[in-house]
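Here's a quick briefing to read alongside the model. Have the sequence and the 3D view open as you go.

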Amino acid sequence: ILNLALSSVISELFPASNEFSESITAFVAGTPPALTVIIMAVMPAMFEELLHRGVILAGFKHLRHTWVIVLCCGVTFGIFHLDRYRFLPTAVLGCALAYICLKTDSLIINMIMHFLNNLISVIAIFSLINTDISNVGQATDVSIWPSVILFAAIGAILITIGMKKMQTLSKSDRQNETVD
């Protein structure tokens, strides 16, 4: 949700950033939906997580503070995407995924989270293909609001589940430390 919000703000502040969105929308419009999901959601989730939260995060583990590791991983993830307009939202996502990986010690959870983030973007693009882009985000455009509400609800549910899971993991870690 934060990623989408940051992207929206950046696109309002820097209209030139819309060129990337338009090229992605053109790609999606000309590609079968299943192939689009594989190319834009499944593959990046798997391979970017293996690279960034597998290899690169392991290289930063010698740093002593979690926040430094998270920040370094986020900045690296932002730079990796090679787009100055998407740097901030991508870096924030990279920080969140690095934190989740450190706390859960699971690349699978990260792959699922990364996949869901990308899938939401793909669904948003599909919903915009038949929408007059010039009206998107304006109060008069109601076609996008069902998608926004759905994404917000899914995001809230996933954040709640994730927070409960992380609290459970933290409790079990404290219990294990007490036993050791």
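Predicted model: local features only at pLDDT ≥ 70, side-chain atom pairs only at ≥ 80, totals over all residues.

Leaving aside its neighbours within four places in sequence, which residues is leucine 88 in contact with? They are Leu6 and Ile10, where contact means heavy atoms within 4.5 Å.

Residues are numbered from 1 along each chain as its sequence is written, and side-chain values use heavy atoms, with hydrogens and water left out.

**Overall picture**

- The protein chain has 7 helices and 0 strands, and reads α-α-α-α-α-α-α along the sequence; helices (H or I, at least four residues) and strands (E, at least two) are DSSP runs, numbered from the N terminus.
- Of the 180 residues in the protein chain, 29% are buried (under 20% relative accessible area, with exposed meaning over 50% and partly exposed in between; 1.4 Å probe, protein chains only).
- Take the contacts in the protein chain between residues at least 6 apart in sequence: 67% of them join residues at least 24 apart.
- The accessible surface of the protein chain is about 11200 Å², and carbon and sulfur atoms account for 69% of that; areas come from the Shrake-Rupley method with a 1.4 Å probe, and for residues only the protein chains shown count as cover.

**Around histidine 114**

- Histidine 114 sits in helix α6 (residues 107–129), and it counts as buried because its relative accessibility is 2%.
- The side chains of histidine 114 and glutamate 48 make a polar contact of 3.2 Å (a pair of N or O atoms within 3.5 Å; within protein, one must be able to donate a hydrogen and the other to accept it, and residues adjacent in sequence count only if both atoms are side-chain atoms).
- Setting aside neighbours within four places in sequence, histidine 114 is in contact with Pro44, Ala45, Glu48, Glu49, Arg53, Phe77 and Leu97.
- Arginine 53 lies over the face of phenylalanine 77, 4.5 Å from the ring centre; a charge sits over a ring if NZ of Lys or CZ of Arg is within 6 Å of the ring centre and within 35 degrees of the ring normal.

**Helix α3**

- Helix α3 (residues 33–60) has a kink of about 40° centred on proline 44, the bend at a residue being the angle between axes fitted to the seven residues ending there and the seven starting there.
- The buried residues of α3 include Pro44, Ala45, Glu48, Glu49 and Arg53.

- Leucine 88 belongs to helix α5 (residues 87–104) and counts as partly exposed, because its relative accessibility is 41%.
- Leucine 88 and serine 7 are 81 residues apart in sequence but 8.3 Å apart in space, C-alpha to C-alpha.
- Valine 70 is in helix α4 (residues 66–80), and at 11% relative accessibility it counts as buried.
- Beyond neighbours within four places in sequence, valine 70 is in contact with Cys95, Ala98, Tyr99 and Leu102.

**Positive phi in loops**

- Leucine 82 isn't a glycine, yet has a positive phi of about 50°; this residue is in the loop between α4 and α5 and, at 77% relative accessibility, counts as exposed.
- Aspartate 105, also not a glycine, has a positive phi of about 55°; its place is in the loop between α5 and α6, and it counts as exposed at 63% relative accessibility.
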